[in-house]
Amino acid sequence: MDTNSLFRLDGRVALVTGGSRGIGRMIATGFVGMGARVYVSSRKADACEATAGELGENAIALPADVSTVEGCRALATAIGEREGALDILVNNAGAAWGEAFDTFPETGWDKVMNLNVKSPFFLTQALHSLLKASGAGGRPAKVMNITSIDGQRPNPWETYSYQASKAALIHLTRRMAARLIRDNIAVTSLAPGAFASDMNKAARDHGETVAKAIPAGRIGEAEDMAAAAIYLASRAGDYVVGETLTVDGGLVNASLGVSIDA
């Protein structure tokens, strides 16, 4: 058993959507550090270029808008023009919408459900042949959907479509896994808890307060997210199929209901 290479990603090709900031950037940084060549994708070209430049020569900016099926297919075509196979796909691009129940609009459902649920499915579909090409080499290709603990239990915020979308993506992960494993493609999900990001402003701006409700006593750090993603993407995670790995300091599975004001 070669334990020295269990978590290495040398020679692997990865695509991380929403990779220019937040959770996506944490994952892209970890992959580059373990030897992968990583395509960093998001809607904003300048953000992609900046992040890729900071991560070094093994990071390549590839801007794309995956909020539509056409955008997903265009990104898949762009990858196919550059690579003969794709080893790792991280479906991280996402959106949230918060508004009171009485005024929550249809657009707040459509935008969130389209990007958070439809796009991971259709991008994976569009990249199926490239992922199969990788899996044919004997080691499974990996598809990693970034879900959330908000899809595992309700939170107090009025983010109805976001919480529903993440619960849907957790189940979609299992269904996709059941189909794609026959092509030697292992589908999993990562469910982050409180990590500082533009999407999780509470953790970003009020980390000490948020940490009071977390059994581990702190919010997540970039290394926590990178390590979990590296595990699933590497040889170490080859036998994990359809699982959701919760990375939240124990909030979902080890919490006794401590008040955030305690």
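These exercises cover a helix pair and a sheet in a predicted model.

Residues are numbered from 1 along each chain as its sequence is written. In this predicted model, local features need pLDDT of at least 70, and side-chain atom pairs count only at pLDDT 80 or more.

**Exercise 1.** Describe how helix α1 packs on helix α9.

Step 1. Locate the helices, which are DSSP runs of H or I with at least four residues, numbered from the N terminus. Helix α1 covers residues 22-33 and helix α9 covers residues 222-233.

Step 2. Take the angle between N-to-C directions, on a scale from 0 to 180 degrees, using axes fitted to C-alpha atoms over the stretch in contact. The angle is about 60°, and the axes are 8 Å apart.

Step 3. Classify the angle: under 35 degrees is roughly parallel, over 145 roughly antiparallel, 65 to 115 roughly perpendicular, and the rest oblique. Helices α1 and α9 are therefore oblique to each other.

Step 4. List residues in contact, meaning heavy atoms within 4.5 Å. From α1, Ile23, Met26, Ile27, Gly30 and Phe31 take part; from α9, Ala222, Met225, Ala226, Ala229, Ile230 and Ala233.

**Exercise 2.** Find the strand order of the open sheet and its edges.

Step 1. Strands are DSSP runs of E with at least two residues, and two strands pair if DSSP finds at least two bridges between them. The 7 strands follow the order β3-β2-β1-β4-β5-β6-β7, with parallel pairing.

Step 2. β3 (59-61) and β7 (244-247) each have a single partner strand, so one side of each has no neighbour in the sheet.

Step 3. Ile88 is opposite Lys142 in β5.

Note on methods. Heavy atoms only, no water.
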